[in-house]
Amino acid sequence: MGNHHGRHHKNNRPPQYNYGPYSGNSAPTIPSPIGNYGPYSGNSAPTVSNPIGNSNMGLHLPYGHVDLSLRGLAGQAEGFGRCAVGGLNGAVYRVTTLADDGPGSLRDGCRRKEPLWIIFEVSGTIELSSYLNVSSYKTVDGRGQRIKFTGKGLRLKDCEHVIICNLIFEGGRGHDIDGIQIKPNSKHIWIDRCSLSDYDDGLIDITRQSTDITISRCHFSNHDKTMLIGADPSHTGDRCIRVTIHHCFFDGSRQRHPRVRFGRVHLYNNYTRNWGIYAVCASVESQVYSQCNIYEAGQKKVAFKYYTEKNTLYSCFVSRHLTIPWSVLAALDRKVICLLLELSRV
């Protein structure tokens, strides 16, 4: 992990550069930070007296030049998720009810197979009774309305080219319930200008070979395990993961801003304050490039943490196809694990 402070410039397309030991993995150039976080005004970050970048440049709304054009948003993402087109080439689907399912509902639009640009003609809370699965080539565009999800969250499973914009996620309940769950094998995803808080598991989880994802201008608060990237120490398939996180506000959430295994993550122009354990954590072959971020500690002073996870023996179990749950393995004594390994060789 590194933390770079210096001049940065804005271009329409990022240049090629060497990302750690890898070459040819382009990452975005860094625009000046702006004070707009979350899906609506009022979630703004505290004023910074000397913002990074050109002090003569006035603050402006992100994508202000395209927000008046419905489909102009597509193509505005930066970083690893910049190729996401969402429902650019599809029809417009109008959500006319806050019901969990049925005609005119968001769930009805998201399950359809054809590309769709989904907009809302209503404002309010959608109480989800189960995960809402979003299929490929969809844009869920909450601009112009105030749409809040509660109960469960969105699941991006085996899909590609999805844009999620201007939504609120608050109060998700149940085992393994995340605000936005991205797994497995999903790619070209852009999560933009969303507000997420108070879920029983994570706010955003990116695991199981999901890659080429950008998370931008989101507000995270009132939560413990904020963002997980990479499933567990045995899941080496997550080496493909690439995620960009920029202009996000981690507002007093306890940990995982993010927590990374295996993947390559570029963090820039984020503001993280008053965490409860650590700000950013890496382990198991992960690479985190922290550039032009602000970390404002409260009582806990450790901003960056590296965990050495004991994954060697666990990986042996996976490679030998033993049907022992990960939760059980994690609780086993080392001597018991060694004995089981010996038995597996018989």
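Strands, as the term is used here, are DSSP runs of E spanning at least two residues, numbered from the N terminus. In this predicted model, the chain has four helices and 26 strands.

**Chain overview**
- Of the 346 residues in the chain, 52% are buried.
- When contacts between residues at least 6 apart in sequence are considered, 61% join residues at least 24 apart.

**Ser 290 in strand S24**
- Strand S24 covers residues 287-291 and includes Ser 290.
- Ser 290 counts as buried because its relative accessibility is 0%, and the cut-off for buried is under 20%.
- The side chain of Ser 290 forms a polar contact of 2.9 Å with the side chain of Asn 293.
- A polar contact of 3.0 Å also links the side chain of Ser 290 to that of Tyr 295.

**Strand S13 and its partners**
- Strand S13 spans residues 195-199, and four of these five residues are buried, so the strand is largely enclosed by the rest of the structure.
- Strand S10 (residues 168-172) runs parallel to S13 and is joined to it by four bridges.
- Within that pairing, Ile 168 has Ser 195 of S13 as its bridge partner.
- S13 is also parallel to strand S16 (residues 219-221), with three bridges joining the two.
- Here Ser 197 stands opposite Ser 221 of S16.

Key
Residues are numbered from 1 along each chain as its sequence is written. This is a predicted model: local features need pLDDT of at least 70, side-chain atom pairs count only at pLDDT 80 or more; totals for chains, interfaces and linings use all residues. Side-chain values use heavy atoms; hydrogens and water are left out. Buried means under 20% relative accessible area, exposed over 50%, partly exposed in between (1.4 Å probe, protein chains only). A polar contact is a pair of N or O atoms within 3.5 Å; within protein, one must be able to donate a hydrogen and the other to accept it, and residues adjacent in sequence count only if both atoms are side-chain atoms. Contact means heavy atoms within 4.5 Å. Two strands pair if DSSP finds at least two bridges between them.
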